[in-house]
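I opened this model to look up side-chain contacts and the metal site. My notes follow the order in which I looked.

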Amino acid sequence: MVRMPARETASGLRAVARCDDLGVTPYSDADDHLFRPYLGAGHAATLDRIAAWMTEAGMTARVDAAGNIVGRYEGRHPDAPALLIGSHVDSVRDGGRYDGMLGVMLGIETVAWFAERGHRFPFAIEVIGFGDEEGSRFPVSMLTSRAVAGVLGDQDLALADAAGVGLAEALDGFGLELARFADAARHREDVLAYVEAHIEQGPVLEAEGHALGVVSAIAAQYRFRAVVTGVAGHAGTMAMRLRHDALAAAAEMVLAVERIGGAGPEDLVATVGRMEVGPGVPNVVPGAVTFSIDVRAGVGAVRDRAADEIRVALEDIAVRRAVGLDLTLQQDLPATPCDSGLSRLMAEAVRDVTGAEPRVLVSGAGHDAMVMAHLAPVAMLFLRCRGGISHHPAEAVEVDDVQAALEAMTAFVTRFEHTWSDAGTVLTEEER
Ligand SMILES: [Zn+2]
């Protein structure tokens, strides 16, 4: 069956088609692949296009002080607090078309679906496209959701990109001012909740035959730097029994990290992703090796236990091989549980659409939702993606899955409305 694009009404197909439209120049800063860094030319062109789509869907569109695009679909009363639906519009270099952008497009489609039916809520709905989630331009990530959530650190704004362009200058090109960056912060009383739909970026939903999943938490993460110190020596003359080979020791440590990561629950993962070998030449026994260890789990205690096991195992290896080991904690991100009430609504919404019990899973990847949880309760919907591939041009989704996601989002918003109306929190005197 050949599907014709039904661009005039809300649909999953339109969401996918729009992501595809935005996958090339002028929406990309590169001619032959998708690269949409924060505050680049591609970003600017993208925001113009999204603003037009938001307006067409019945929203007013604006760019906030941090360069996020925000569309607002008014409630029955002006100045009502808002349900935020969003994700990010930036990409990694040579990235895929759906990471982040699909969640923004689904937000627009969700609003369009209700607007086509003339339905207004006792709250506003805002669709937000965050400018920076990936950190593919400046050496920080989730800069713009941190601005919205009001959790920017002082050090965040003294930033320059690889070409030496400062954040102030980049903002200036967008007609924005560094001094007003933090003005993007929202007041708690104006934001009811934040909901994000995102591709899974992993293989679980596909492997188990689910189109959609509900995220229970965003994983806690540790990042360590391990430095193994051995003794460098001539590869031809240093007898094997006299060696203190830092790389051979590190190799055994990598396998220990893999073994411990694989011995826990499904969401426990442990990775060595980077390694530097010194001096790194073919005819010298390695004298020093530095490598990274990334440990994540949906529950902080599970991650902590695994990290402890890794430390003990690595120290044992170091002692046995008579090499030095220095482990430094570089990053400690706590787990972000999604709001249980909102997640229950999302699970019911998924059940409404699929008729099946929803798969609940932990997100091993970070998302804007983990930052927005500082501001409001959050929920996340995951969509199956082909082969679990992401951050790659081969990233792909099925239109039917995106349609199911749109239906789940509209069912969620309807259930959210009933919950709020039942609670009487957002109704005026005469509506009660
Ligand atoms: Zn993403």
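The entries below cover the zinc site, salt bridges, aromatic rings and charges over rings.

**Ground rules.** I am working on a predicted model, where local features need pLDDT of at least 70, side-chain atom pairs count only at pLDDT 80 or more, and totals for chains, interfaces and linings use all residues. Residues are numbered from 1 along each chain as its sequence is written, and side-chain values use heavy atoms, with hydrogens and water left out.

I started with the metal. I looked up donors, meaning N, O and S atoms within 2.8 Å of the metal (3.2 Å for Na, K and Ca); water is not among the atoms, so sites may look incomplete. The zinc ion has His88 (NE2), Asp99 (OD) and His198 (NE2) as protein donors, at 2.0 to 2.2 Å. His88 is in strand β3, and Asp99 is in the loop between β3 and α3 (101-116), 11 residues apart. I then checked burial: both His88 and Asp99 are buried. The scale is relative accessible area: buried is under 20%, exposed over 50%, partly exposed in between (1.4 Å probe, protein chains only).

**Salt bridges.** My criterion was a side-chain nitrogen of Lys or Arg within 4 Å of a carboxyl oxygen of Asp or Glu. The whole structure gave 27 salt bridges. One of them joins Arg76 and Glu417, at 4.0 Å from N to O. This pair links distant parts of the chain, 341 residues apart: Arg76 is in the loop between β2 (69-73) and β3 (82-88), Glu417 in helix α11 (residues 399-423). Arg76 is partly exposed at 39%, whereas Glu417 is buried at 8%.

Next I looked at Glu348 and Arg344, which form a salt bridge at 3.9 Å, N to O. Both lie in helix α9 (residues 340-354), four residues apart, about one turn of the helix.

Arg386 and Glu398 also meet in a salt bridge, at 3.5 Å from N to O. Both are in the loop between β16 (378-383) and α11, 12 residues apart. Arg386 is partly exposed at 45%. Glu398 is partly exposed too, at 43%.

I also noted a salt-bridge network that links Arg14, Arg18, Glu56 and Glu109.

**Aromatic rings.** I counted rings of Phe, Tyr and Trp (its six-membered ring) as paired if their centres lie within 6.5 Å; planes under 30 degrees apart are stacked, over 60 edge-to-face and the rest tilted. The search found nine aromatic pairs. Why is the pair of Trp113 and Phe114 edge-to-face? Their ring centres are 5.1 Å apart and their planes stand at 85°, so the pair falls in that class. Trp113 is partly exposed at 27%, while Phe114 is buried at 4%.

Phe416 and Trp420 have ring centres 5.6 Å apart and planes at 45°, so I logged the pair as tilted. They sit four residues apart in helix α11, about one helical turn. Phe416 is buried at 1%.

Ring pairs link Trp113, Phe114, Phe121, Phe123, Phe412, Phe416 and Trp420 into a cluster.

**Charges over rings.** Arg117 lies over the face of Trp113, 3.7 Å from the ring centre. The charged end of Arg120 sits over the ring of Tyr73, 4.3 Å from its centre.

Terms used. Helices (H or I, at least four residues) and strands (E, at least two) are DSSP runs, numbered from the N terminus. A charge sits over a ring if NZ of Lys or CZ of Arg is within 6 Å of the ring centre and within 35 degrees of the ring normal.
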